[in-house]
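Visitor: Could you walk me through reading a structure like this one, feature by feature?
Guide: Gladly; let us look at it together.

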Amino acid sequence: MAGGSKGTGAAEEPEAKKPTDAPAGGLDMPPPAPQMEAEAFPGESALSEDERNRWLVFHVALPRTIMTWDMALGRSTEAELNDALSNLAWGSVDTEAGEWTLESPDPSPNPPHTSLITYATYVARTYPSDHTMEDKAREENARLAAEKRAAFTHPGEPGAKFRPMFDQMVKNLQHSNKALAKAYDIKKVILNEDEAPEDPNKSEAQNIMRFGRHQILPSFWNMLIQLTKRGRRFSVVFRSFSEEQLSQVQSELQLFCQLQHPAYNGQNKTQKPPPMDGNKASRDMRLTNAAVGRCDRMSGRLLFKDRAYQDPSTQAISTSSKPEEAAPAAEVPAAEPDAAFRPTEYAFPPYHQVYAGLTHQILTGSNTAAIVDDLAYWEQKDRSASAGKLLLIDHGGSVAETKVQHIFFDGNIGKEESHVVDVRDATSGERIPFGEVKDVFMHRVDFFQAVTDVDYFLKATAACEINFSKKILEARRAAGISKSAAEQESKNASAAKAAMPPKEWLYRNVIPALLPALEACQRDRPEDPIEFIAFYMLRHSKQYSKTLKA
């Protein structure tokens, strides 16, 4: 599980060798892992080291997750903070007057009592807007509902008692460092972005600081810092409906990774994070244009238009949890001048090509990627979860892949359904029930806590990791496989294999898995049969698994 290193306060003895921390990003081969001091839950030690410290792939939404405003929907920080609180405030409705009254003392994603509803739900019922209505009436109701939520904590509004919580969020966002405020002449905190448009005559750092507050939550930066210091292998996939908003994240992330971010560079009494730009043996966490994809759900394709196509058969597949000693992420080499450029594109359904491409091609060449999701398709489908941001999991009915964990962070996920995220099995393409993925592969971000608790994303990650570890062990118990039995079976099988003639070994260990792969390939006739077989065999790397139905 994710865990921090322990510091020592005692004076260093002359003869003692001073322990050295792993380089930022942990690219050098780490020392042997120490024995577990204590299990996070009973039975955790039954997992292998690679399973306990698995490769984490974070899918991170932008608005109401790590950013305070929503450019796709045109909501300022002032409106977004109020809107977020309206989804965390629980109250009752007077059946006679039809008015909503606040009952919960604090913001919470969960109701204090099952009879209560959030103010956002109350507003949605009061101003319904669905595709069964006339366009004009639907648009007017949507506008009125948005205005109500955006004014939730204003004086005289139902959420006025939550104004102190609103003020607390603003306080946690503002740059309170006096030296930093003086260096960038910060006079006040601006919550309406239209009041301070970007100035092309100013530096990137000055434009980042123009609102007098963080645009990307400190809790997100803290997660990158702490996981890097711990030497964890992790990747980030930003998910956004707005290319413009993604571009802003890309620019700010680059400055952060290069120790040039005005609030994270060690100057003006600010924190200095470890480098994340490929220098000093660090992993490069910058987002390149080649790693930015666009998902078109109507036509069924994920296109990385600035990334040159590469034959998947030449790509090494690794699911090791240890940071790889790879070259820093960089733009994929361009094609020869006289050769036609062919971008990287993955078609779906079936979905295995997208999963294999993102996990084993895009995130092998880059530690950070991004996907611009299809807002028009989601809205056309009445904002149904089945049309939302696509998240593919190597699930196999339970947990087929145990050394990689995808976690989708989004503050727009619903309490009882995923709403904006469409979670599917990478092989079958079937949607995975909400209860199977909640707080394992998908986490509903409590935006109030994400703003006010700098360790929020670290805590959420640790909780998801524990839940996934428990799910792995539960699946093994259900299958009647214990660690000792599996080890003994492996030893016996190894001894038997060593005594086999070559032809018999092939017929026993290769042909049973290869034939179903070839049969499935000739049946589906995929565009890229080699990649199809490669992914199929990845799922059957040790023996034939019936979780993949040919």
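Guide: Strand E12 (residues 421–425) is mostly covered, with five of its five residues buried. Strands (E, at least two residues) and helices (H or I, at least four) are DSSP runs numbered from the N terminus; buried means under 20% relative accessible area, exposed over 50%, and partly exposed in between, using a 1.4 Å probe and protein chains only. This is a predicted model, in which local features need pLDDT of at least 70 and side-chain atom pairs count only at pLDDT 80 or more, while totals for chains, interfaces and linings use all residues. Residues are numbered from 1 along each chain as its sequence is written, and side-chain values use heavy atoms, leaving out hydrogens and water.

Visitor: Which residues point one way from E12, and which the other way?
Guide: Val421, Val423 and Asp425 point one way, Asp422 and Arg424 the other, and all are buried.

Visitor: How many bridges join E10 to E12?
Guide: Two strands pair if DSSP finds at least two bridges between them. Here five bridges join E10 (residues 389–393) to E12, and the two run parallel. Lysine 389 stands opposite valine 421 in E12. Lysine 389 also lies over the face of phenylalanine 241, 4.9 Å from the ring centre.

Visitor: What sits over the ring of tryptophan 55?
Guide: A charge sits over a ring if NZ of Lys or CZ of Arg is within 6 Å of the ring centre and within 35 degrees of the ring normal. For tryptophan 55, the charged end of arginine 233 does this, at 3.7 Å from the centre.

Visitor: And how many aromatic pairs does the structure hold?
Guide: A pair of aromatic rings is described by the distance of the centres and the angle of the planes. Rings of Phe, Tyr and Trp (its six-membered ring) pair if their centres lie within 6.5 Å; planes under 30 degrees apart are stacked, over 60 edge-to-face, and the rest tilted. The structure holds 20 such pairs, and Phe58, Phe234, Phe409, Tyr456 and Phe457 form one aromatic cluster.

Visitor: Which residues touch the most other members of the largest nonpolar core?
Guide: A nonpolar core is a set of buried Ala, Val, Leu, Ile, Met, Phe, Trp, Tyr and Cys residues joined through side-chain atoms within 4.5 Å. The largest has 93 residues, and Phe58, Ile66, Phe220, Leu224, Phe238, Phe409 and Phe457 touch the most other members. A second, separate core of 25 residues includes Leu391, Ile393, Val399 and Val420.

Visitor: Is asparagine 172 buried or partly exposed?
Guide: Asparagine 172, in helix H5 (residues 163–173), counts as partly exposed because its relative accessibility is 26%. Leaving aside neighbours within four places in sequence, asparagine 172 is in contact (heavy atoms within 4.5 Å) with His214, Val451 and Thr452.

Visitor: What is the mean pLDDT of the chain?
Guide: The pLDDT is the predictor's confidence in each residue, from 0 to 100. Its mean here is 84, and 83% of residues reach 70 or more. Over residues 1–31 the pLDDT is below 50, and this stretch has 39 contacts in the model beyond near neighbours in sequence.
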